[in-house]
Amino acid sequence: YKVFIICIFMLSAIALFSGCNNQKEEKDVHNAVTTFFSAYKQESYREIDRHLFSGKLTKLLDQAVAREKRETEIVLNSDYPTDKPFMLDFDIFTSMIDGADSVRILQTSINADTALVDVMFINSGYNSKLEWNDHLVFIKNQDWKLDNVIYGEKNTAFKNIQDLLEDYIYAENTY
């Protein structure tokens with residue numbers, strides 16, 4: 001009987017600890033979303049702190065910046081130096097071109113070192129505010145880092161930010 005009571009106590013303690021740990025992880029993910037969104041609202045993707053991103057997303061962002069610099073040089077050295085270079089001149093962190101001015105977390109699911117955060121982005125800069133849902137993928141590498149944005153809007157040409165960046169980086173020269 002004592003063994004049974006001890007087993008029940010141990011299982012309860014494990015369940016309680018894992019529940020607390022999951023709540024802490026969810027809070028940490030929510031803090032990562034808030035930190036990312038604060039930086040995103042103030043900085044261009046070219047300038048945003050790379051510590052907020054996974055290694056893969058950081059590499060893609062840096063390659064996109066390098067591609068933009070090359071495209072700018074090509075145009076400046078062309079017969080038409082005032083033309084607009086081939087650039088990502090829209091918000092790449094949401095599925096809407098003009099981006100968002102606020103975000104609301106709808107749901108978070110964590111599986112090991114990956115978190116999927118369903119968010120509602122809001123852009124109140126229109127006559128009637130726009131609201132849409134995207135999904136943020138965070139991975140844990142010491143801290144939670146943004147790894148991908150899965151676009152929720154059907155009118156986007158890309159499924160996610162990683163596909164968008166890869167397509168831009170490896171696109172044929174346009175000039």
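## The sheet

Strand 3 (130–141) and strand 4 (143–150) run antiparallel and are joined by seven bridges. Strands here are DSSP runs of E, at least two residues long, and helices are runs of H or I, at least four long, both numbered from the N terminus. Two strands pair if DSSP finds at least two bridges between them. N141 stands opposite D143 in strand 4.

The open sheet has four strands in the order 1-2-3-4, paired antiparallel. Strand 1 (102–111) and strand 4 are its edges, each pairing on one side only. On average, neighbouring strands are turned by 30° against each other, direction ignored. The axes are lines fitted to C-alpha atoms.

## About the model

This is a predicted model, where local features need pLDDT of at least 70, side-chain atom pairs count only at pLDDT 80 or more, and totals for chains, interfaces and linings use all residues. Residues are numbered from 1 along each chain as its sequence is written, and side-chain values use heavy atoms, without hydrogens and water.

## The second largest pocket

A pocket is an open set of points on a 1 Å grid where a 1.4 Å probe fits, with protein on both sides within 12 Å along at least five of seven lines; lining residues have an atom within 4 Å of a point. The second largest pocket holds about 160 Å³ of space. Its lining has 13 residues, and A32, T35, L52, D143 and W144 are the closest to its centre. Helix 1 (2–42), strand 3 and strand 4 each supply at least two lining residues.

Conventions:
Grid points are joined across faces, edges and corners, and a volume is the space filled by probe spheres set on the points. Axes are lines fitted to C-alpha atoms, for helices over the stretch in contact, and angles run from 0 to 180 degrees between N-to-C directions.
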